[in-house]
Amino acid sequence: SECSGNACTSCTGCAAGKYKIAAGNQKCQECPLNTFNTKTSSSSFADCTPCGNGGVTARTGSTLASECTCPTDTYPAEGSNAASCTTCPVGARCANQQACALNDPELKCDGTRIQGTWERDA
């Protein structure tokens with residue numbers, strides 16, 4: 001619960017993206033980078049869920065899996081939450097090796113569709 005200061009008489013649950021492991025007058029802690037926590041009133045660091053397989057967040061205290069994004073050389077795994085990234089296959093890597101065409105809805109690198117027959121998993 002969120003309660004700070006010596007004159008604390010009542011507490012409220014931690015907001016999503018935060019946790020507090022013990023009662024007391026310390027503030028709730030934000031979940032670290034590259035994690036998220038959808039729950040309110042969390043009392044465990046374990047509620048901070050890692051983005052998984054290379055996923056990153058832009059800030060601490062993230063509250064949704066959709067705040068996890070994949071680095072440019074990976075792409076979001078289909079059929080799973082946004083917190084899971086998959087390494088870009090060799091044939092889908094753009095010429096600069098820093099981007100993945102599978103992140104583009106039209107499977108393009110620099111405006112040109114990648115070669116071969118590609119399908120997204122359902």
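Gln97 is partly exposed, with a relative accessible area of 44%. Partly exposed here means between the two cut-offs: buried is under 20% relative accessible area, exposed is over 50%, with a 1.4 Å probe and protein chains only. Gln97 sits in the loop between β6 and β7. Its C-alpha is 7.2 Å from that of Asp73, and the two residues are 24 apart in sequence.

A word on the source. This is a predicted model, with residues numbered from 1 along each chain as its sequence is written. Local features need pLDDT of at least 70, side-chain atom pairs count only at pLDDT 80 or more, totals for chains, interfaces and linings use all residues, and side-chain values use heavy atoms, with hydrogens and water left out.

Confidence next. pLDDT is the predictor's confidence in each residue, from 0 to 100. The mean for the protein is 83, and 84% of its residues reach 70 or more. Where is confidence lowest, and where is it highest? Lowest in β5, at a mean of 83, and highest in β2, at 96.

Now the overall picture. The protein has zero helices and eight strands. Helices are DSSP runs of H or I with at least four residues, strands are runs of E with at least two, and numbering starts from the N terminus. So the pattern along the sequence reads β-β-β-β-β-β-β-β. There are 122 residues, and 29% of them count as buried. The protein exposes about 7,500 Å², and carbon and sulfur atoms supply 51% of that area. Those areas come from the Shrake-Rupley method with a 1.4 Å probe; for residues, only the protein chains shown count as cover. Residues 24 or more positions apart account for 33% of them.

On to the disulfides. How many does the structure hold? Six. The criterion is a pair of cysteine sulfur atoms within 2.5 Å.

One joins Cys31 to Cys48, S to S 2.0 Å. The torsion about the S-S bond is about -70 degrees, so this disulfide is left-handed. Cys31 lies in the loop between β2 (29-30) and β3 (35-36), and Cys48 in the loop between β3 and β4 (49-50), so the link ties together parts 17 residues apart in sequence. Both Cys31 and Cys48 are buried.

Another joins Cys51 to Cys68, at 2.1 Å S to S. This link is also left-handed, with -75 degrees about the S-S bond. Cys51 and Cys68 each lie in the loop between β4 and β5 (74-76), 17 residues apart. Cys51 is buried, at 3% relative accessible area. Cys68 is buried too, at 3%.

Then Cys88 to Cys100, S to S 2.2 Å. Left-handed or right-handed? The torsion about the S-S bond is about 80 degrees, so right-handed. Cys88 and Cys100 both lie in the loop between β6 (85-87) and β7 (108-109), so the pair ties together parts 12 residues apart in sequence. Cys88 and Cys100 are buried.

That pair leads to the core. A nonpolar core is a set of buried Ala, Val, Leu, Ile, Met, Phe, Trp, Tyr and Cys residues joined through side-chain atoms within 4.5 Å. The largest has 10 residues, including Cys88, Cys100, Tyr75, Leu102 and Ile114. Ile114 is in contact with Gly91, Ala92, Ala101, Leu107 and Cys109, leaving aside neighbours within four places in sequence.

Thr74 also touches Cys88 and Cys100. Among its other contacts are Cys85, Thr86 and Asn103, not counting residues up to four places away in sequence. Thr74 lies in strand β5 and is buried, at 10% relative accessible area.

Last, the aromatics. A pair of aromatic rings is described by the distance of the centres and the angle of the planes. The rule takes rings of Phe, Tyr and Trp (its six-membered ring) with centres within 6.5 Å; planes under 30 degrees apart are stacked, over 60 edge-to-face, and the rest tilted. The count comes to one pair. The ring centres of Tyr19 and Phe45 are 5.5 Å apart and the planes at 70 degrees, so the pair is edge-to-face. Tyr19 is in strand β1 (residues 18-19), Phe45 in the loop between β3 and β4, 26 residues apart. Tyr19 is buried, at 14% relative accessible area, whereas Phe45 is partly exposed, at 42%.

Note on methods. Contact means heavy atoms within 4.5 Å.
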